[in-house]
Amino acid sequence: MASILDEYEDSLYRSASVQQSRASVGIPHSGYVNARLEKETPIFNKQRIDFAPPEKINSLVVSSNQLCMSLGKDTLLRIDLGKPDEPNQVELGRKDEAKVYKMFLDHTGSHLLIALNTSECLYLNRSVQKVRALSRWKGHLIESVGWNKFLGSETNTGPILVGTAQGQIYEAEISVSEGSLFSTNPDQYFRQVYTLEEESGPTPVCCLEIERGIEGKFFIIATTQKRLFQFVGKVPEGTEQQGFSSIFAMHADHLPSFREFPASFGFSEIAFYTPKLRSNPRSFAWMMGNGVLYGTLDYSRPDSILSDERVWVYPSDIDITVNKPISIVLTQFHFLLLLPDRVKAVCTLNGQVVFQDLFLEKFGLLTRMIKDPTVQQIWIHTEKVVFRYHVQRESRDVWKMYMNMNKFDLAKEYCKDRPECLDIVLAKEAEHCFQNKRYLDSAKCYALTQNYFEEIALKFIEAKQEEALMEFLIKKLSNLKPSEKTQTTLLTTWLTELYLNWLGILEGDPSQRNLYLDTREKFRTFLSSPKNKDCLFNNRASIYELLASHGDTEHMVYFAVIMQDYERVVAHHCQHDEYDEALNVLSRHRDEKLFYKFSPVLIQHIPKKVVDAWISMGSRLDARNLIPALVNYSQSASTQQINEAIRYMEFCVYQLEETQQAIHNYLLSLYALCRPDSLLSYLEQAGTNPNRIHYDLKYALRLCAEHGHNHACVHIYKVMELYEEAVDLALQVDVDLAKSCADLPEDDEELRKKLWLKIARHVVQEEKDVKKAMACLSSCALLKIEDVLPFFPDFVTIDHFKEAICNSLEDYNKHIEELKREMEEATQSAKRIREDIQEMRNKYGSVEPQEKCAACDFPLLNRPFYLFLCGHMFHYDCLLQAVFPNLPAYKQAKLEDLQKKLAATSQPSKSHHRPKDADTISLGKGQQSREQIKADIDDIVAAECVYCGELMIRSIDKPFIDPQKYEEEMQSWL
């Protein structure tokens, strides 16, 4: 018994390895699919259990991995399939000839009912070793049990239904008391709730099933040899523990709904398929005399939950009188029939036999087939051998069946992880839709297949289905990878051409207006799609050509906007005289280069709006690049229109504070041309400092002169400091203006006098106004009457300027008196100076014998010395040594030269034969020269005390130690 599942586990491992290796062999999602399928293992993989029973097997049940089998007469073997090496053997303890008739195991694998052929029933719980007799059940041959999957537990079955061979349905409950000191009967109660009958009277209850639907509704299915009954009803809330009596009571006076078939082979069996643990069954299969009734379960129906019913009629090789079916098992897509010598598997989708397994005679006749609903394993046994079927990838070929049934959605659902099969389904669906003239659906499916692109495209072209062709191309385009640039370009260009053709056809048909608008929206969505943006941008020249060839200017503009080709958009608007739209595009996207390019055109038609747009751009625009547009505009426009140009230039100058000379020069030219009143205020606001003026002075002077703006010219002359020209021109305009110009050269009195003389001459000779001339004398203090008199003609009488002459003479007299007073003060000062000099000559100082030199601290009288008024005394050589380093270079050179000359005069004459008179004369000359040299040396060396004079003040920031000798001095201290 230790190796009962070893071979099976090894088989499972090998099967999983093969599946994993096969799953790793995938196909790419692009390219053409090779739809040839590999040979696969069977769906129902049979394995013989390595188990040799000591006695013949009477019955076998399995649930929740708990297997129980009856061996011989009195032995019961229990195996936990999770621990197959630990089997448990229980003796029934019967001394009579009773044999096991049937066994029933609940969904938890905890409660085992053993029906004996003596109309008795035994009970065995998984947690105990002793078999208990159910006394209340005695006298009834048990045919079926309906377990309670909602209230049952490991120690209590909850209310269950029991069917007997006499057609009675009983309700019972079994409970195991844990830790009880006294043995009590496990059966809590056993009461009859219903009796099933056929035409001939009571008949065995072959099968029972209890299910709960929505809203607490219960469905009880009971089968006899020919009939399938359904009991539907609700158990009052809170009374579930009281059982199902209320449901059967509702059918006491009338039969419940049932299905009946004429043929019978003495029994029937029903099987259910539950997809998940603790969920409701989803489908059923009922084996009876005429065949197999199978279908789905719909719990939303009020009376009968059976739905989509179909009958599989037994084929000719099944004779119910000779080799009638024994058992039935239902899986997700198949039901398996157990015959005495074989197993047949029939697909519930198409009713075809897809699997047949023949057993050898040496194994004996097949006895029973049962499925463990928790692990979906199928068990078959004879009296000698046990087999187990493992269901492997049951849905592997389901897609093909659904596809052949034209249920393509289900087919795709079951092959979504198998691209080679999915491609076949999609191709079949596409072909089906095409044949049924559902061209758009066909196009969508074809786009997902790996069929030849050219064949599909030609197929739609031949059918003249352009809309479907477009749908196919759109879907195909969306499935392309970013690296497939050539295919993307081809599809994008082709789709553009198709859209344009389709729009051209619809636009000419007023009845298709809505379709036209819808198609146009799709086309625009296609053009603006982010996925197509790069491709469209790289091939925009071709797209433009297509749009132009169709004359679709509307979408040309739309496409240009998407491509951010605003230059083309603006140019289009300008060509169609849509200047406002063009300016809106410029203002919205604020591209400086486009403003520079299209401003010359726009300003000719909407100058005010253009200037407003320029101003809104602010400093982002370089006004110098807009000057050509303004120049062309101002040359062809009126004065009123030129005002817009002036407005923008003023914005640049006053708001943006532009300093570019070209901008200021152009504004100056506009002022000179149209606004002379603003010209002078602009010039005055610019100031008079040439270094801070941003316009060209010479250009401004020439411009103002050409237009005769003399007042402005005078201002420019003043800025250029050409005062004579300013006065000359100002005299032609206004004498007061000339006067203001004449006072400007404040530092040059000669020039001021000259300018005022020009004004006076003009007043006298041109205006012949003596009073104004006299006013000039009072305005400028530099002018005298004698300067103006030569300008007057000879016939002018003195009366006109008598007062001026008198004032002039009085001024002269005052000046003479001041000079006299200054001369007297100078004479007194000279006298005092002479007296001070005489006093200084007689001034002396006394030196004591013990006095020392302030520099060397040696006796002073040992060598020539200097005595200063401050009281400091220095040897001649000490003072020279202290003063010399601080003298300027030229004084140092002069001092050295004087010392050399002094040394030369002190040397004796080398000639001994000179005449006496000559020597005396030479000596006299040498002595005089020597005294002068010593005086010059004293002027340099003894000009001031070295400690109290300016020399000491100038040396205050000099270091005590010469930086060049600092290192040497520092080393001497170490």
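These are my notebook entries on a few spots I looked up in this predicted model.

**Ground rules**

I'm working with a predicted model in which local features need pLDDT of at least 70 and side-chain atom pairs count only at pLDDT 80 or more, while totals for chains, interfaces and linings use all residues. Residues are numbered from 1 along each chain as its sequence is written, and side-chain values use heavy atoms, with hydrogens and water left out.

Seven of the eight residues in E18 are buried; buried means under 20% relative accessible area, exposed over 50%, and partly exposed in between, with a 1.4 Å probe and protein chains only. Next I checked the partners of E18, where two strands pair if DSSP finds at least two bridges between them. Strand E17 (residues 217-223) runs antiparallel to E18, with seven bridges between them, and a hairpin of three residues links E17 to E18. One pair I picked out is Thr 223, whose bridge partner in E18 is Leu 228. E18 also runs antiparallel to strand E19 (residues 257-260), joined by four bridges, and there I found Gln 230 opposite Ser 257.

**Entry: the sheet E20 to E23**

Here I found an open sheet of four strands in the order E20-E21-E22-E23, paired antiparallel. E20 (269-273) and E23 (306-313) are the edge strands with a single partner strand each, so one side of each has no neighbour in the sheet. From one strand to the next the twist averages 20 degrees; the axes are lines fitted to C-alpha atoms (for helices over the stretch in contact), and angles run from 0 to 180 degrees between N-to-C directions. I counted six bridges in the antiparallel pairing of E22 (residues 291-297) with E23. Thr 296 has Ser 307 as its bridge partner in E23.

**Entry: the sheet E24 to E27**

Four strands make up this open sheet too, ordered E24-E25-E26-E27 with antiparallel pairing. E24 (327-330) and E27 (353-358) are at the edges; each has a single partner strand, so one side of each is without a neighbour in the sheet. Neighbouring strands are turned by 15 degrees against each other on average, direction ignored. E26 (residues 342-347) and E27 are joined antiparallel by five bridges, with Lys 344 partnered by Gln 356 in E27.

**Entry: Asn 125**

Is Asn 125 buried or exposed? I found Asn 125 in strand E8, residues 121-125, and Asn 125 is buried because its relative accessible area is 3%. Leaving aside neighbours within four places in sequence, I listed the contacts of Asn 125 (heavy atoms within 4.5 Å): Arg 78, Ser 110, His 111, Glu 154 and Val 176.

**Entry: Pro 419**

Pro 419 sits in helix H5, residues 419-435. Pro 419 counts as partly exposed because its relative accessibility is 25%. I also looked at Thr 449: from Pro 419 it is 30 residues away in sequence and 9.7 Å away in space, C-alpha to C-alpha.

**Entry: Met 970**

Met 970 belongs to helix H34, residues 966-973. With 33% relative accessibility, Met 970 counts as partly exposed.
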